[in-house]
Amino acid sequence: MYQYSRFDHEFIAERVAQFRAQVARRLDGSLTEEEFKPLRLMNGLYLQLHAYMLRVAIPYGTLNSRQMHQLAMIAERWDKGYGHFTTRQNIQFNWPKLEDVPDILQALADVEMHAIQTSGNTVRNVTADHFAGAAADELADPRPIAELIRQWSTDHPEFQFLPRKFKIAVTGSPNDRAVTRAHDIGLRMTEQDGQRGFEVIVGGGLGRTPMIGKTLSPFVALDDLLPYLEAVVSTYNLLGRRDNKYKARIKITTHEHGIEQIKQRVEAQFAKIKPRFAGANLQLLKDIEQHFVLPKFKSSSAQVEADSAPAQSPAFRAWLDTNISAHKLPGYAIVSVSLKKPGATPGDASADQMRALAEIARNFGHDELRISHEQNVILPHVHRADLTQVFQALRQADLAAANIGLISDIIACPGMDYCALATARSIPVAQQIATRFQALKLEHDIGPLKLKISGCINACGHHHVGHIGILGLEKAGVESYQITLGGDGGAEAEIGTRAGPGFGADEIVPAIERLLLGYLQLRLDRNESFLEAYRRLGLAPFKALLYPQARKAA
Amino acid sequence: MSVAAISKVVTANDLRSGEVLYLRFPHSWTPELAKASVIKDDDLAKASLAFAQGQPNTVVGAYLSDVIDERDGPRASHFRERFRSTGPSNYRHGKQEL
């Protein structure tokens, strides 16, 4: 993985020193809160409902064991012993004290991490396919490009005060696992005449005005990519609205001006700035690529098909069924570690669990870990002969839930349990749904299902692209939950449709139960997933399941 | 003296820890809502808020919050304020530890 250059080290060290001085000046009264707030936000420090929250970037979701150990140390020393992995492949610490934050940032810098541009109207942490570099179905590892974008966008002098935040996602696979169509810019690797490049998608986003991104260019060659991105972001910087926060994202700019006009402006700007790059970006990319060479895999002669071992426990078999994905090498597997044990908080890992994950990665995973936008941890390179030991080690750390892609593998934002913006809680709803379906023993019968919960209209929980989405709102002084159906975050991305009036906190779990018991009756056979059945039948029969009273009344 | 329709408390977050605090007359802060001073008078509410906003090196983001005044102390009338006064529901990491 990428190792910091001398420049990176010096830049991060300088920022830590600056923030240490800024915190000292805030504490001694030299800076007012008004003056200090933008400074702390530039360093990922928010003030939430109960405490400060520090959002740490995990660039394109990639970590090594040393970094994971350090996150565990931070969680234990300066927080309450755990961290929360987010839908943008970041980690959030929910309880740091202001005066400790400079030391936390130093501890992060010691392992080549930071919290810069995890807030503010800047280019945020670049996310990528969590199977990058390992997936059987990818053209190439998209992370060198993601790292190039990270370097280009970090402290970019023109892009520190954009009209609004700006999120970029990259995938190297046609099976989109990075939700590229729901980002300000989504990049999909593609090939044209034997040359590698990217389809550039622009103007996607969730939030209060969900939109699926549109293709701005079907192919931008690799050496044109950085000037092209700069042309897009600078066009947005000039054109994007600053009069209304809710209309400031590039999705609205694209909607208001039309994709054709955006395209013309971007192309004019691109022609102007391209000569300035003069191939420097390609040289930099070449250097970065050296950091992403594949690990030294074990030779194929050492392969043992763990899957065919005779003494498998049913628990191990169930885990193999759900938590293993195809690796580009036949002797290897991609392991998804679920942070969604029914009843647990989605995305949370304790310091002990982080250490266990670090050790497993070091011993069995070529020292690599990934954080997925679905709030799970990935071991991208595990030899199949080691799967039994990996499973045992995960079980000891209480991390062996066999539910990846099933109903209890729920994305949930922190909601009103932590977040100052939330309008309702998300975590208890996720906990109750997961434990209810575990008790019903229907999870495997229901099969592939993406259920996503947001605690407010900003949609950090991606509810719009959940097969079932739940949005927590306030209605008449109590929590109320709206259901959307038929959303999809994959290659054929789609925004879900609101099913009808909201449900009270005590009605939402029974409503989901009615919906899914009904789906089991409606589906053609076991092979028809919830989303497929919804697409075949449309909203009406599912709406009838959710609102049986309305049917009776009619 | 004008009487406010709804009882209020002054709340804010501690500058150093971020913890939720409540104003307790004459001029201290408590982490427990039940020990907060209940304000039923508009002028006193304004003066108390101004006092809180005048302590920028102690607290951040002071505002008036509606409460129901009960025998054993004030109770938050809105669920958001109830969560602020207790802590998150998934762990006993907030004021449940008190």
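Which residues of strand β14 (residues 368–371) of chain A point one way, and which the other way? The legends below begin with that strand. The model is predicted: local features need pLDDT of at least 70, side-chain atom pairs count only at pLDDT 80 or more, and totals for chains, interfaces and linings use all residues. Residues are numbered from 1 along each chain as its sequence is written, and chains are lettered from A and ligands numbered from 1 in the order in which they are written.

**View 1. Side chains of β14(A).** A:Glu368 and A:Arg370 point one way, A:Leu369 and A:Ile371 the other way, and all are buried (20 or more other C-beta atoms within 10 Å of the residue's own, with C-beta atoms placed from the backbone). Strands are DSSP runs of E of at least two residues and helices runs of H or I of at least four, numbered from the N terminus.

**View 2. Strand partners of β14(A).** Strand β3 (residues 62–64) of chain A runs antiparallel to β14(A) and is joined to it by three bridges; strands pair if DSSP finds at least two bridges between them. Here A:Thr62 stands opposite A:Arg370. Strand β15 (residues 377–383) of chain A pairs with β14(A) in the antiparallel sense over two bridges, and A:Arg370 stands opposite A:Ile378 in β15(A).

**View 3. Hairpin of β14(A) and β15(A).** Five residues lie between the strands, and A:Gln375 takes a positive phi near 65°.

**View 4. Chain B.** Two helices and six strands make up its secondary structure elements, in the sequence pattern β-β-β-β-α-β-β-α. The C-alpha trace spans about 45 × 30 × 20 Å along its principal axes. Of the 98 residues of chain B, 33% count as buried.

Methods. Buried ≥ 20, exposed ≤ 12 C-beta atoms within 10 Å, placed from the backbone.
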